[in-house]
Amino acid sequence: MNYIVAMLLSIMDEESAYLVFGHIITKILPKNFYAKTTQGSALMGFQQEKFVLWRLAKDYLKLDENLAESVKNFLDMRGPSFLIPLFVNFLNFQVLVSAWKRMFRNQSVSFKSITPYNSTS
């Protein structure tokens, strides 16, 4: 979560970053994304999201079993580095902002309504 907050603080003031971060956690991410299950497994929402991505890749790309297993292994190994921090340390800045704009498009928070942080003011 610290990567997400750091990125938000680099593009907007503290109050806006706080409001956007709260919106991301409560409205956009799946419920209990960072939570533990009753059995103690960490990141319950992330595990669900990873499974959905794997099934989408398998079903819509019509992958054979070997390739589907490779995709599952890729998501197991690399998924946390780009899904948990919401692509902050995976995408370059322009692509990240574009992806986040798409994420917010159907939500009540808009990047247009947030004034970018300007350290000279």
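**Close-up views of a predicted model**

**View 1. Packing of helix α3 against helix α4.** In this predicted model, helix α3 (residues 44-60) packs with helix α4 (residues 65-83) at an angle of about 145°. Their axes lie 10 Å apart. The crossing of α3 and α4 is right-handed. From α3, the contact is made by Phe 46, Glu 49, Lys 50, Leu 53, Trp 54, Ala 57 and Lys 58. From α4, Glu 65, Ala 68, Val 71, Lys 72, Leu 75, Asp 76, Gly 79, Pro 80 and Leu 83 take part. By class, the contact has 9 nonpolar, 6 charged and 1 polar residues.

**View 2. Helix α3 and its buried residues.** Gly 45, Phe 46, Lys 50, Trp 54 and Ala 57 of α3 are buried. Their cover includes α4. At 1.5 Å a residue, the 17 residues of α3 should span 24 Å. The end C-alpha atoms of α3 are 24 Å apart, so the model agrees with that expectation. Just after α3, Lys 62 has a positive phi of about 50°.

**View 3. The largest nonpolar core.** Nonpolar side chains tend to be buried together in soluble globular proteins. Here the largest nonpolar core holds 25 residues. Ile 4, Leu 8, Ile 24 and Trp 100 touch the most other members. Helices α1 (2-11), α2 (14-28), α3, α4 and α5 (93-104) each give two or more residues to this core.

**View 4. Surroundings of Leu 8.** Leu 8 is among the core residues that touch the most other members. Leaving out residues up to four places away in sequence, Leu 8 touches Ala 17, Val 20, Phe 21, Ile 24 and Trp 100.

Definitions and conventions:
Residues numbered from 1 in each chain as written. Predicted model: local features only at pLDDT ≥ 70, side-chain atom pairs only at ≥ 80, totals over all residues. Heavy atoms only, no water. Axes fitted to C-alpha atoms, helices over the stretch in contact; angles between N-to-C directions. Helix = DSSP H or I, 4+ residues; strand = E, 2+ residues; numbered from the N terminus. Left-handed = near helix turned anticlockwise from the far one by under 90°. Contact = heavy atoms within 4.5 Å. Nonpolar A, V, L, I, M, F, W, Y, C, P; charged D, E, K, R; others polar. Core = buried A, V, L, I, M, F, W, Y, C linked by side-chain atoms within 4.5 Å. Buried < 20%, exposed > 50% of the residue type's maximum accessible area, 1.4 Å probe, protein only. Expected span 1.5 Å × (residues − 1).
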